[in-house]
Amino acid sequence: MSEHDPEAGPAEQEAVRRLLAEARHVEPLPPDVAARLDGVLAQLAAEGPHAVDPAPAAPHAAQVVDLAARRRRRARGLLGAAAAVVVLGVGATQVLDSTSRSGSDDSASSTAEAGADSSVADAQAPAKQEDAPADAGGQGGPTALSSTLPPTTPRIDRAGFRASVLRLRDAAAVASPGARTRLGAAGLTADRLFVCPPTTLGPGRLVPVVYAGAPAVLVYRPATGATQSVELLQCGTAAVLRSVVLPAR
Amino acid sequence: MSETDGSHHGTDARTDAELIAAHVDGDHHAFGELFARHRDRLWAVALRTMGNPDDAADGLQDGMVAAYRRAASFRGEAQVTTWLHRVVVNACLDRLRAAKVRRTDVLPDDLEEYGGRGSTVSATDAALDPADLTVAADRRRQVLAALATLPDEQRAALVLVDMEGYPVAEVAVMLDCAVGTVKSRCSRGRTRLAALLVGLLDDAGGDGHPDPGNRPAPRAVRSTHPPRGPPA
């Protein structure tokens, strides 16, 4: 439907409302989901007072606007920096991203960074936003879930990517169950706070991580000759966010 | 909506606001009690917003963890239940945006997966005619499938306003937008649904029992002119 299509008349709108009301979900939380949430709550409680973030400083309306503006400026800055990185090339590092992959990676990272803390902090002190076009899409990419992901999950970033990959190699204890098997969070870690939709990760040994505020998985591919490639895959999509080649051991 | 709206799963007499304050002050039982009061309705919102139970569970968990961690940011400007809905809906919408690239087609599957798992209170009335139940289930399936085709923000608005029955002003707080934006999203969403569900609209206007016989064929383009009568 385009913006210019006529709206349904009152009778049709009312009929749709009735259909929607009839389709309301009225059953309680399923027991398995309830048990899962109870387990997560128990884990949060075990974290003690550190699980609850301190109250933000004296809020007022002007601060809300400032936060929104700062977030937009940061997004623009990160996008500019990402573009510069793409132009200058990242060949100096040992990251083996192709140009196109690097571009998508950077933009995705910027999106995640720009949206950091958006899901929850804004729930109380939101930045007002215009109603996006109804069909607006293209907001894909990793979401800002870092605040909900377990604090014990390794955080890695672009700057120290190779060093992180080397450091975590010994922690890659989980073997991929198969090249075509989809693996979810439960197959990666016992930590219930880590959320990762089932993802086809391919062969290798796996380490769940947080990258750019979103869940991801480091996959240490089987060594071939003297080298071993390592890919950072996005949870849910299996998109390659980063990759690097290490000397085989 | 009252501050303690929602079913009470425990015996704690504290209000929602008192519970969230107690949680921030270190009472780790308080949040569980608070969430238990509202989780069924939050689940319903997450399920209808996400379109399937697996993603709904993830979205609800994200929202719950976020609310737990950020409870100190609640400043009492809205009711606790409104704030909880807002956090959960935001978490769901975040998740939908992240999944956009991998989602190709979302069809509601909760009817199949969860059809027999509800409470006995809300379970299907055995006294109803099985034929009516089949028709109702089919209608519900069509509505949910059509709902899944809407843009995320329109769907969230319709779930909160038309399905859950929250006032538009409260939904505006939940969705962090103006009241007019909520109305606009709802109106545009209903218009889309009207085009998709044209065969059901007449049923919805009656007593819930569709007339026997074939339904009219779906219209490709909705006409603004009144229907013509039969030839003389």
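**Close-up views of a predicted model**

**View 1. Buried residues of helix α6 in chain A.** In α6 (residues 161-168) of chain A, the residues Phe161(A), Ser164(A), Val165(A) and Leu168(A) are buried (under 20% relative accessible area; exposed is over 50%, partly exposed in between; 1.4 Å probe, protein chains only). Down the axis of α6(A), these buried residues fall within an arc of 100°, so they line one face of the helix; the arc is that of the directions from the helix axis to the C-beta atoms. An α-helix has 3.6 residues a turn, so residues three or four places apart point the same way. Among the elements that the buried residues of α6(A) pack against are β5 (205-211) and β6 (214-220) of chain A (contact: heavy atoms within 4.5 Å). Helices (H or I, at least four residues) and strands (E, at least two) are DSSP runs, numbered from the N terminus.

The model is predicted: local features need pLDDT of at least 70, side-chain atom pairs count only at pLDDT 80 or more, and totals for chains, interfaces and linings use all residues. Residues are numbered from 1 along each chain as its sequence is written, chains are lettered from A and ligands numbered from 1 in the order written, and side-chain values use heavy atoms, without hydrogens and water.

**View 2. A salt bridge between Arg17(A) and Asp162(B).** The closest N and O atoms are 3.0 Å apart (salt bridge: a side-chain nitrogen of Lys or Arg within 4 Å of a carboxyl oxygen of Asp or Glu). The pair crosses between chains, from helix α1 of chain A to helix α7 of chain B. Arg17(A) is partly exposed, while Asp162(B) is buried.

**View 3. A salt bridge between Glu231(A) and Arg221(A).** Here the N and O atoms come to 2.7 Å. Glu231(A) lies in strand β7 and Arg221(A) in the loop between β6 and β7, so the pair ties together parts 10 residues apart in sequence.
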